[in-house]
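Dear colleague,

I am passing on the structure below, and my notes on its side-chain contacts follow it.

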Amino acid sequence: MRTEVKIGITGVVAIVALYLGIDFLKGINLFSASQTYYIAFANTKGLTKSSAVYADGYKVGIVSDINYDYRRPGNVIVEISTDKGLRIPKGSSARLDEAVLGGCTLNMLLATNLTEAYHPGDTIEGSDVSGLMGKVGDMMPQLEQIVSKVDTLVEALNTLLSNPNLPLIIQNAELITENLNKSTEQLNTLLRNDIPQMTGTFTKAGENVTALTDKLNQLDLQQTMDNVNQTITSVHGMMEAMQSPKGTLGKLMNDPSVYDNLNHTVQSADSLVSDLKAHPKRYVHFSVFGKKEGK
């Protein structure tokens, strides 16, 4: 065989080996069958060829090609090659998740439809998701507010630490803590000594109240009420007898002649006393030296 032919064959083999090696490094499995699907995105967000395609966190294929759809501006068609055994149910979609350090990952969101499935060569709906970095961007206003509050807090702490009265404040805090400890000890002493005595006193008082209640329950309240009613009836009878005109007290209270006679008697006695004072000799006869003998 001529040298030129050997060199040509060697070159062809080298080119084929280089091509296969590059595809292998890209993740393309050259020795297994694959099927092709297309996904339409409005923005591929840095997705590159040979990027892995995942379904439920498992690698099921790679991105074989990315083309801009010039017939429909605003759409990018991503061609993916998946394992032959992968079945993509109808209703499934694809999502681009941005990575923290740049780039993005293509994830297949497989539906649970078991009756219908996409055929190789079909176009699957794609959705754009901001991912972690997008969420961080949405959180930036809140982070700025938090940073502002942290700055204010740090400034307040610096002001507090630079206050010359801080040692005095700490000393006062220690004194307050010591007083609280003493108060706690006193409270514990109270709970340990005085509270049991008070509880015993309350228990004894409760026993006395119970004994008094038992004695009250033993009293014949019905007989007592009967005696009270009988007494009240007697008082009513006595009052009726006093007010009756047939009785002595009734006559004294209701007969006006008795009052007139008593009044006349009092007036006569008053006149007698007045006359006695004015003319005592009419009623009293006596001699200072007594009666003389022989006369």
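The charged end of Lys90 sits over the ring of Tyr118, at 5.7 Å from the ring centre (the term asks for NZ of Lys or CZ of Arg within 6 Å of the ring centre and within 35 degrees of the ring normal). This is a predicted model, in which local features need pLDDT of at least 70 and side-chain atom pairs count only at pLDDT 80 or more, while totals for chains, interfaces and linings use all residues. Residues are numbered from 1 along each chain as its sequence is written, and side-chain values use heavy atoms, with hydrogens and water left out.

The structure holds 5 salt bridges, a salt bridge being a side-chain nitrogen of Lys or Arg within 4 Å of a carboxyl oxygen of Asp or Glu. One of them joins Arg72 to Asp69, with the closest N and O atoms 3.0 Å apart, and Asp69, Arg71 and Arg72 are linked in a network of such bridges. Asp69 is buried at 8% relative accessible area, whereas Arg72, at 44%, is partly exposed (buried means under 20%, exposed over 50% and partly exposed in between, with a 1.4 Å probe and protein chains only). Another bridge pairs Arg95 with Asp97, again with 3.0 Å between the closest N and O atoms; here Arg95 is partly exposed at 27%, and Asp97 is buried at 18%.

In a further salt bridge, Glu178 meets Lys182 with the closest N and O atoms 3.9 Å apart. Glu178 is partly exposed, with a relative accessible area of 41%, and Lys182 is likewise partly exposed, at 45%.

Best regards
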